[in-house]
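Colleague: I would like to learn how to read salt bridges in a model. Could you take me through some cases?

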Amino acid sequence: MSNITEPLTFNRGLEIKNRLAIPPMTTRMSYYDGTVTGDEIAYYGMRTGAVGLFITGVANIQKNGMGWTGELGVYDDKFIPGLSRLASAIKRDGTKAVLQIFHAGRMTDSKTIEGEQPVAPSAVAAEKEGAEIPRELTNEEIEEIIENFKQATIRAIKAGFDGVELHGANHYLLHQFFSPHSNRRNDKWGGSLEKRYHFIERVVDAVIETVDTMKVPDFIIGYRFSPREETDPGYNLKESLWLVDKLAQKKLDYLHISLTRYDRKTNVPEYQEKSMLAYVHDTINGRMPLISVGDIRDRADLEAALEHSEIAAIGCSSLIDPNWSAKILAHRDSEIRSTLNLQDKDILMIANGTYAFMEMKVPDRLVK
Ligand SMILES: Cc1cc2nc3c(=O)[nH]c(=O)nc-3n(C[C@H](O)[C@H](O)[C@H](O)COP(=O)(O)O)c2cc1C
């Protein structure tokens, strides 16, 4: 088991002071174009300092990749000053700051991206209410997106972040290329499992090359993925373990699973012995650290998650109690606040959009 207070050194040399992280959570507080706001700085400042690693809410790498209004932007140099303020706000008391970057693909809508039709690997709508039919990306557009991942990485470096995390989870563009539901292409970007991995590999290699070329000491690269999807067709745990093995061979610094509950099992009959987290951890087999996540509410959950991961990320619990990690580290567990009421919401800088999301995901933690 990983020890909560033990420092960890990533492959590229960056050291974090303990095994606690805050996972990416979109604040819905940025300006309409993605510029960092003062409220956002206050929100992050309130939650930083105790954890070893703080991953920001996602930032879009190009305009038509924006998933929601109020999301961070990193598609232009104009964002660097704001992002720089954000990085330094997070980097208090030794906490390291990672910028999560993505393109939403078909998981956005024309209202959010200035009237444009969303783009995706194929012209197939997502299985969610109100989903629009996206336009299939051309080869040139795919190359442009890869370039924009590189540019976003350069901006993260210039803004003073300690790393970037590629958001390949939760049905966004990187995930969409791997999914047989959203990727029905028959060219080099789709078809077999290998071909559905091609875009991911190109983006990962491009970002690695960018960081290596810029020779920034200690700048880390992480990759987040979902271990399965529920759509039909959809990829299962077996295919994602194949992906994990491929990614573990890359010069990445960590892998980050996306789970709603850290000990969740999959429904594939041959993978019933352990949790998805344990299967992924065994597949990585020490090649790089794994970040676990999903409904960690107390020390028992934390220790159980750290049985099968090197770092544990605390999402909603850090929204509800910004000092969750500090209290765990100080053994003041009984003082942890575990539910949120409407008055706390404003004091804790939780935006209406975030609150609405919590009403959907963790209704039992909200007191009306
Ligand atoms: C308000 C909110 C916003 C989120 N935004 C993102 C995001 O930008 N990127 C991402 O990868 N996951 C996002 N997530 C998922 C979290 O990173 C995390 O995986 C999830 O909340 C489960 O962990 P928890 O139970 O500790 O909250 C978000 C979750 C919440 C609650």
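Modeller: This is a predicted model. Start with Arg196, which forms a salt bridge with Glu239; their closest N and O atoms are 3.9 Å apart.

Colleague: Is Arg196 buried or exposed?

Modeller: Arg196 has a relative accessible area of 7%, so it is buried, the cut-off being under 20%. Glu239, at 22% relative accessibility, counts as partly exposed.

Colleague: Why do such side chains pair?

Modeller: Side chains of opposite charge can pair when their charged atoms come close. In this model, Asp253 and Arg12 meet through their side chains in a salt bridge of 2.8 Å, N to O. The pair links distant parts of the chain, 241 residues apart: Asp253 is in the loop between α6 (237–248) and β11 (254–257), and Arg12 in the loop between β1 (8–9) and β2 (15–16).

Colleague: What is the relative accessibility of Asp253?

Modeller: Asp253 is at 0% and counts as buried. Arg12 is buried as well, with a relative accessible area of 15%.

Colleague: Which residue forms a salt bridge with Asp187?

Modeller: Arg185 does, with the closest N and O atoms 2.9 Å apart. Asp187 is partly exposed at 29% relative accessible area, whereas Arg185 is buried at 6%.

Colleague: Which residues are linked in a network of salt bridges?

Modeller: Arg261, Asp263, Asp295, Arg297, Asp301 and Asp364 are linked in this way.

Colleague: How many salt bridges does the count come to?

Modeller: The count comes to 29 salt bridges.

Key. Residues numbered from 1 in each chain as written. Predicted model: local features only at pLDDT ≥ 70, side-chain atom pairs only at ≥ 80, totals over all residues. Heavy atoms only, no water. Salt bridge = Lys/Arg side-chain N within 4 Å of Asp/Glu carboxyl O. Helix = DSSP H or I, 4+ residues; strand = E, 2+ residues; numbered from the N terminus. Buried < 20%, exposed > 50% of the residue type's maximum accessible area, 1.4 Å probe, protein only.
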